[in-house]
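Morning, everyone. Please have a look at the chain on the screen, and I will walk you through some of its contacts.

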Amino acid sequence: MDVAQEPDTDADDAARAVGQWLARPTGDKEMPADGFNGYFAQRKRKLAAQAAQLADAACAQIFVGVVVHIDGYTEPPHYELKRLLVQHGARFQHYLAKAQVTHIVAAALPLGKERKLAAYRVVRPAWVVDSVRAGRRLAWQAYALGAGAGAAAAVARPPGHPGLAPVVDRFDEGLNRPWVRRNLATAPGFVARYYASSRLHHLMAWKAEMQDLVGRLRSQQPSAPSDGRPRVIMHVDFDCFFVSVALLQRPELRGKPAAVCHAQEDAGGSDASTSQIASCSYAARAHGVRNGMLLGQALALCPQLVTVAYDFAACQRIARAFFAVAVEMSDETQVVSVDEALLDVSARVHGEEEAVALAEEIRVRVRQATGCTVSVGIGPSACVARAATRRAKPDGALWLSLDAYLALPLSVGDLVGVGGALAGQLAAAGLQTLGDVRQAGLARTQATVGDAHGASVFEGSWGRDAHPVKSDTRRQAFGCEIGWGVRLSTADEAEDFVRQLAQHAFSMMRDAGRWAGAVTLRVKVRREGAGRPAKFLGHGVCDAVTRTVELRERDAGHVAQRCVEALRFLDVEPLDVRAVGVRLHRLEDELEAGRGVKEMLAAAAAAAPSVAAAPLSSVACAMPTASQVDPAVLAELPADVRREIEQHYAGATTSVTSAATAAPARPSTVSRRGRPRKHAPLALSLKQQQKQRRLTDAFRRVERLDEVMPSQADAAVWADLPTSVRRNIARSYVRDKPPVAAAASVPSEPEAAVVQPDTEESDSDEPALCGARTVSDVCSLVERWVAHDDKGALPEDEDALADYLAALVRAHRVVMAAEVLRHLARCVARQPIAAWRRTLSAVRVRVNAACSAMYDAQLDV
């Protein structure tokens, strides 16, 4: 036998295994019945069990999700690397399985094998050692073996997949099979194909578009007052929407069993087909066929069933014409779905006869505009109107009074919002029909399914619906999200996929004539420990991370680039990405967005020319509190403006009070984050303003530790101190000795002007956090703390906050403690750092422990 010129570890191991079996002593176990394959499978299971014995839960699990194969001689040796990998969470492969491995460790590779493994992450042994030493998984690119290794090199094309790179298949999902490979997110044109063929996407996108259309049309047509007349609600629904639209091009199929689904047109399909029926004709329903049924089951019930393809373009066109008629013929129009609407016609009709006549007119107008038929149900509420529609179908109109509704044998599942799970809970309690719910009463219904669901079901059982029919306002965001087929191997693939989604979302927004001021990227990452998802190519169990960035330009390239920057900031592992969504928000119209800053400033100046010339003290505006003024910003202002602001805050109490009472405008009720304030800020005394200013300045300088070093401290000694020690010293120094610059910036005043009721003594027993006692100051302190420390909280800082909140609980300030804890949770939610989530959890546990000790209860935060 010829000796191979290039060593192959896999072949050598296999040859040794066979040789060992051939050299076995007589009497050893025979080879398994399935031959060498069975023996080899047993050997791999044995080696896997031996490797599993090396696992150590006490070690940091930094290699979870990593599947590693070691090739050839390494330093450290093979066994030592295997021990380090398995102890820290990796799965070890003794024999290379290219469809499962994520990393290959090698010190050197022959040229032939280097070419074969060019598409894989081939790293030097130092990657394992350095990662263990650092306590975290380091970027593999810095340890790539050779210039051509890793994902950045030319990708080897597997046979049968022309133009497509192989995909890392860690969970044996069959990702490299031809059909699957062509339908993954990395395949060319995936996003366009996905949205072109996704019925659910079209339904959601069309509903949003129709809501925008209705809002725009309604704004041009004011509603008439109902003058206290009884409510008259119409429920308008198409008859077999998708089939009706498809049969406009196939009139010969009218009256015959037909269904719309993803199957070859007219072919019917096989009895084993898993294509799902979206809509079927009434002739097909007579044979037992239903919407949502698998095509194979439907063909078993109705062999003559004919399948027709979706006509998405026609569906969109017909929906637009339908809602144009609905807005014109009603006072209020609410979009339920692309083929369904609720109309409030209370101001247009008097009694049953006029209502039925209007419904017939609507049906005629819709048939003329679309060529399709609709059914209309009429009643005093939306739930009654829906029940009437079911009895008016197909192609009819029906008035249903409240008494007639109460007499119907309706089940709880007939109510909107009651799905299978909720209906099951009610049935388990003996509440199967609406009559059962009426007899049971509100209390029992709420005890069965909760207060909100119980109240909704109970009101619906009596035919009552307190929610008004409201015309939809224009949409507030454009976006798209894909959570199927997302299997990425490299950072380049992830960024390319995000760019495609961003461009798709931008095209939707541009077609609507809107522009966005911000974009949010949402990424679902495979939860640690989760394996193959239950749904084929689905996202499975995930954790979601988001990042919002501002948009400075109005073109698709800029939006895509900002999304890529957000993805890089999130720093997620591409192999764990399972879903990606892009959402464009802060919308404005195209004309308004096209206005430049100069035009908007000129318009504002023209609208209020006197404000610009008036002095600050006489302008009717709401000034922020002293604690909200940034000294750094104040220092950059012109001297005359700075003096005027300082006089406003540092002047006598009489002048502050007079300025506050002279301003007719109410203080601003909008916070910095755009949310309404619960209370408007009150004018503070001079001493309180100085106290808040000292607190704010002190906190700002606490994080610039070198600037607040005590003058007696030696600079070299100060620099060698741990950060935590320097923080404590700096806080004490700044709190006990106010900065000279801050004190000098406050002008001197007449002695009589500073005589104020001192509230400082009354607050001395109140719990404080670094001198902060009010909710706003504490929340501001917490927000800066979280935003500054991007590596997590120091233990002493975590203890300080937990002790402060526990002190609030002991002082019976539970509401304030809950508000601060909620604000901490909001701040942590904006930080994609696991250490902060652990801090939040630890603080919450300690605060709830204090609540349990005081009140035998816990905070609902």
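First, the ground rules. This is a predicted model, where local features need pLDDT of at least 70, side-chain atom pairs count only at pLDDT 80 or more, and totals for chains, interfaces and linings use all residues. Residues are numbered from 1 along each chain as its sequence is written, and side-chain values use heavy atoms, with hydrogens and water left out.

Now the overall picture. The chain holds 35 helices and 16 strands. Those are DSSP runs numbered from the N terminus: helices are H or I with at least four residues, strands are E with at least two. There are 861 residues, and 42% of them count as buried. Buried means under 20% relative accessible area, exposed means over 50%, and partly exposed is in between, with a 1.4 Å probe and protein chains only. The accessible surface is about 44500 Å², and 54% of that belongs to carbon and sulfur atoms. Such areas come from the Shrake-Rupley method with a 1.4 Å probe; for residues, only the protein chains shown count as cover.

What about contacts along the sequence? A contact means heavy atoms within 4.5 Å. Take the contacts between residues at least 6 apart in sequence: 66% of them join residues at least 24 apart.

Next, the rings. Rings of Phe, Tyr and Trp (its six-membered ring) pair if their centres lie within 6.5 Å; planes under 30 degrees apart are stacked, over 60 are edge-to-face, and the rest are tilted. That rule gives eleven aromatic pairs. One of them is Phe190 with Phe497, a tilted pair, 6.3 Å centre to centre and 50 degrees between the planes. Where do Phe190 and Phe497 sit in the chain? Phe190 is in helix H7 (residues 190-197) and Phe497 is in helix H20 (residues 491-511).

Two arginines lie over rings. The rule here is NZ of Lys or CZ of Arg within 6 Å of the ring centre and within 35 degrees of the ring normal. Arg285 lies over the face of Tyr282, at 4.8 Å from the ring centre. Arg547 does this with Phe569, at 3.7 Å.

On to salt bridges. We count one when a side-chain nitrogen of Lys or Arg is within 4 Å of a carboxyl oxygen of Asp or Glu. The count comes to 26.

Start with Glu360 and Arg363, at 2.5 Å, N to O. Both lie in helix H13 (residues 351-370), three residues apart, which is about one turn of the helix. Glu360 is partly exposed, because its relative accessibility is 31%. Arg363 is at 7%, so Arg363 counts as buried.

Next come Arg522 and Glu481, at 3.9 Å, N to O. Arg522 is in strand S14 (residues 514-526) and Glu481 is in strand S13 (residues 477-482), so this pair ties together parts 41 residues apart in sequence. Arg522 is partly exposed at 34%, and Glu481 is partly exposed at 34%.

Then Arg554 and Glu588, at 3.1 Å, N to O. Arg554 is in the loop between strand S15 (542-550) and helix H21 (556-570), and Glu588 is in strand S16 (residues 577-589), so the pair ties together parts 34 residues apart. Arg554 is partly exposed at 38%. Glu588 is partly exposed at 24%. Shared partners also make a network of salt bridges: Glu360, Arg363, Arg367 and Asp395.

Last, the two asparagines. Asn291 is in the loop between helix H10 (282-285) and helix H11 (295-301). Is Asn291 buried or partly exposed? Its relative accessibility is 41%, so Asn291 counts as partly exposed. Leaving aside neighbours within four places in sequence, Asn291 contacts Ile277, Ala278, Ser279, Cys280 and Arg285.

Asn848 is in helix H35 (residues 834-855). At 9% relative accessibility, Asn848 counts as buried. Not counting residues up to four places away in sequence, Asn848 touches Ala857, Gln858 and Leu859.
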